[in-house]
Structures are given as C-alpha cells and as structure tokens.
Amino acid sequence: MTAVRMTAWRKPPEVVRIPVPEPGPGEVLVKVAGAGVCHSDLHVMDWPAGTLPYDLPFTLGHETAGWVHTLGPGTHGSGLREGDAVLVYGPWGCGVCPSCARGAENYCRRAPELKAAGGGLGADGGMAEYAIVPSPRLLTPLGDLDPRTAAPLTDAALTPYHAVKRSLHRLVPGTAAVVIGVGGLGHMAVQLLKALGPADVIAVDTASDKLDLAAGAGADHCVPAGEDAAERIRDLTDGLGASLVLDCVGADATMATAAGAAAAESDITVVGLAGGTLPFRYGTLPWEAAVTIPYWGTRPELAEVVALAQAGRIRPHVEIHPLEEAVETYRLLREGRIGGRAVLVPEG
C-alpha cells in the first residue's frame, strides 16, 4: 500500500510502498478515507533528532477517518462492525491510568514512558491506505458523516473545542471572543464559538483570504493582524477587551496581541505551536487574566464534536489532495497556501 512516511529528521516525508498491516489481538484495521494535513506535522519534521522520543520511520497522519475493515481477535464485543465509518481519536495513552480511564488520554499519566503520542506521532498513522488502531476505544462512530471530509474533526475541531469549552462560563451575552490565526484550527474555532455561546467572535489573521474564510465561518468581525490589532479589538469591545482570546499561532507577535486584547477576568488560551513567549509580570496582563496551554481533547469531547457536525452546527472547510501528493501538500501548508484543512485521500 502507499504510505507517507517520516524517514529522517529535518527532511520532508517520503511517499513509499509498504505492506498492508494485519491487526493483532485487540487491534482494528481501518481502511483510510482521509487524513488531515496539520501544521504540527511541520514542527515534528523541523525538530532535531532527539527532541522527541519517536523511532523512525513511521507513517504520518494524526487526523484520520475511514471505515472499519478488519476486527482483530478480542474486539468483536466492542460494538463495531466491519464497514462502520469511524474517526480515530488522536492521542493514544496507556488506556488504564486515571486520566485515560475518564477518556482524557491527551493527559495520560504514563505518557513519558510511551514511545509515541499517537498514530502519526511516533506510531504509524493514517496517511496510508490502511491504518492499525491499537484498541476499539480509540474509534468514534461517524454515523452518516462522510469520513473523507470528517477527518479534521479529530484535531482541527477537537483541539479548539476542548479549549473553548473550558471558557464557556466567561462567554455570556455582551462579551467577545477572539480567534488569532484562521487556519485549520482557527476556522473551526470560529464555528465552535458561534455554535456554543452568545459572544461576538472576532477573527485575526495576516492573510485576507483567511479572514474571508473566517467571515464565511460566522465571525462577527475580522481584523488584520498587526501592531494595532489589539487596539482595534478594544475599539470593537467598547474598550473592555475579549473574555477569551484563543491564539492558534503561538508566536511572540500573536501572544502580544492576545495580551493586549484580553479583558479583565479573561482567558488567554494558546494552542498554536510556534514557540513564542508571553512575558508574565505585574502590569503585562489585565487583572485576573488566566493564561493556559491546553493539549488536544478527550474521547468524550470527540463524541460531542461529532454530534455538533451531525447536527450541521460545524463543518470543516476541506481541500482534498491525493495521498501521492503529500510532499507538495506539506509545501503548500508551509507557505500558507492551504485554506482551512487539507485532507489526503488514497486512490479508490
């Protein structure tokens, strides 16, 4: 089968041919419909050897959707049937610690002992024709959703959903929420904010086409990124600032905008991986502003995301690319030329 494999650090992936895997005890073989192309993959590629505990090579793709193809021994009581459309939950924990037991495998207590964070992140992921999933617990039924376009729900939607959900108590009528960076995560964050609460949504980005995407996703206001972005946000909020600022970039400049745009008693939530720094000292943040860096989301939350998609409340903006064009698709992503989320689709 064709697969997109990371074979060396600080180099592009390779499109290669490898055997179709066979599911072992407790495992499920998924026929892949689509795998999302995420900016965090670029960070993984760019980090030097030794930064992450991953053994090379492995197949990329941590946003995966498809159909159950083969149930391994011991999985037939899981409720899954061959042919079921499913999402693959991205973070793979130990499955038995207290965090995993409540579905928060994104915060697995044994994560430092594991050699991979999930499929596509140290273990073989979904950028292939077939993918092994180590347990049925990591599969979420899609119902009648098309798995070819649903793959981004497992990260591009789940990550901002987890981030927004923890701040819903702040988003009462008359408040505002800001989304900085309207890419894969950001365009879903705009939709989630509109679906989940009454706050006005303000989108910020450097690119006019990304702001157009934000407007189409339901943003009430669109602000070009720059030194005056925080001031413009304050003007839009009668000088109060935003009750939630969701930074989907995480660079020095975007964090500075977040701090300048935040209201008193607000949340500044950073989900972008650009590696920026936010100075924290008296006078740099509004009173009782909380800064947090959440990671991904839980298995129960993924089911909630799917329910929102099934109800038509959210919909990923997807660009379909053939699996064989993965290297070119990553180049387009690096250059900022992907609108919404790119999804790699195997032939047939």
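# Briefing on a predicted protein chain

The protein chain contains 10 helices and 18 strands, where helices (H or I, at least four residues) and strands (E, at least two) are DSSP runs numbered from the N terminus. Its radius of gyration is 20 Å, close to the 20 Å that the globule rule gives for 348 residues, so the chain is as compact as a globular protein of that length. That radius is taken over C-alpha atoms, and the globule rule is 2.2 Å times the number of residues to the power 0.38. The model is predicted: local features need pLDDT of at least 70, side-chain atom pairs count only at pLDDT 80 or more, and totals for chains, interfaces and linings use all residues. Residues are numbered from 1 along each chain as its sequence is written, and side-chain values use heavy atoms, with hydrogens and water left out.

**Overall dimensions**

- Along the principal axes, the C-alpha atoms of the protein chain fill a box of roughly 60 × 40 × 35 Å.

**The parallel sheet**

- An open sheet of 6 strands has the order β13-β12-β11-β14-β15-β16, with parallel pairing; two strands pair if DSSP finds at least two bridges between them.
- Its edge strands are β13 (221–224) and β16, each of which pairs on one side only.
- From one strand to the next, the twist averages 15 degrees.
- Within this sheet, 5 bridges link β11 (residues 176–180) and β12 (residues 200–205) in the parallel sense, and I180 stands opposite V204 in β12.
- Helix α8 lies across β11, β14 (242–247) and β15, and runs at about 155 degrees to β15.

**The antiparallel sheet**

- A further open sheet consists of 3 strands in the order β2-β1-β4, and its pairing is antiparallel.
- Strands β2 (14–17) and β4 (58–59) form the edges, each pairing on one side only.
- Strand β1 (residues 2–6) is joined to β2 by 4 bridges, and the two run antiparallel.
- R5 has E14 in β2 as its bridge partner.

**Helix packing: α7 with α8**

- Helix α7 (residues 229–236) packs against helix α8 (residues 252–261) at an angle of about 30 degrees, with axes 8 Å apart. Axes are lines fitted to C-alpha atoms, for helices over the stretch in contact, and angles run from 0 to 180 degrees between N-to-C directions.
- The two helices, α7 and α8, are therefore roughly parallel to each other; angles under 35 degrees count as roughly parallel, over 145 as roughly antiparallel, 65 to 115 as roughly perpendicular and the rest as oblique.
- A229, A230, I233 and R234 of α7 make the contact with T257, G260 and A261 of α8, contact meaning heavy atoms within 4.5 Å.
- By class, this contact of α7 with α8 has 4 nonpolar, 2 polar and 1 charged residues. Ala, Val, Leu, Ile, Met, Phe, Trp, Tyr, Cys and Pro count as nonpolar, Asp, Glu, Lys and Arg as charged, and the others, Gly among them, as polar.

**Helix packing: α1 with α10**

- Helix α1 (residues 39–46) and helix α10 (residues 326–334) pack at about 100 degrees, and their axes are 10 Å apart. This makes α1 roughly perpendicular to α10.
- In α1, H39, D41, L42, M45 and D46 meet Y330, L333 and R334 of α10.
- The contact of α1 with α10 comprises 4 nonpolar, 1 polar and 3 charged residues.

**Backbone details**

- The peptide bond from L56 to P57 is cis, with omega near -5 degrees, and P57 lies in the loop between α1 and β4.
- E265, found in strand β15 (residues 262–270), has a positive phi of about 55 degrees although it is not a glycine.
- E288, in the loop between β15 and β16 (290–292), also has a positive phi of about 55 degrees without being a glycine.
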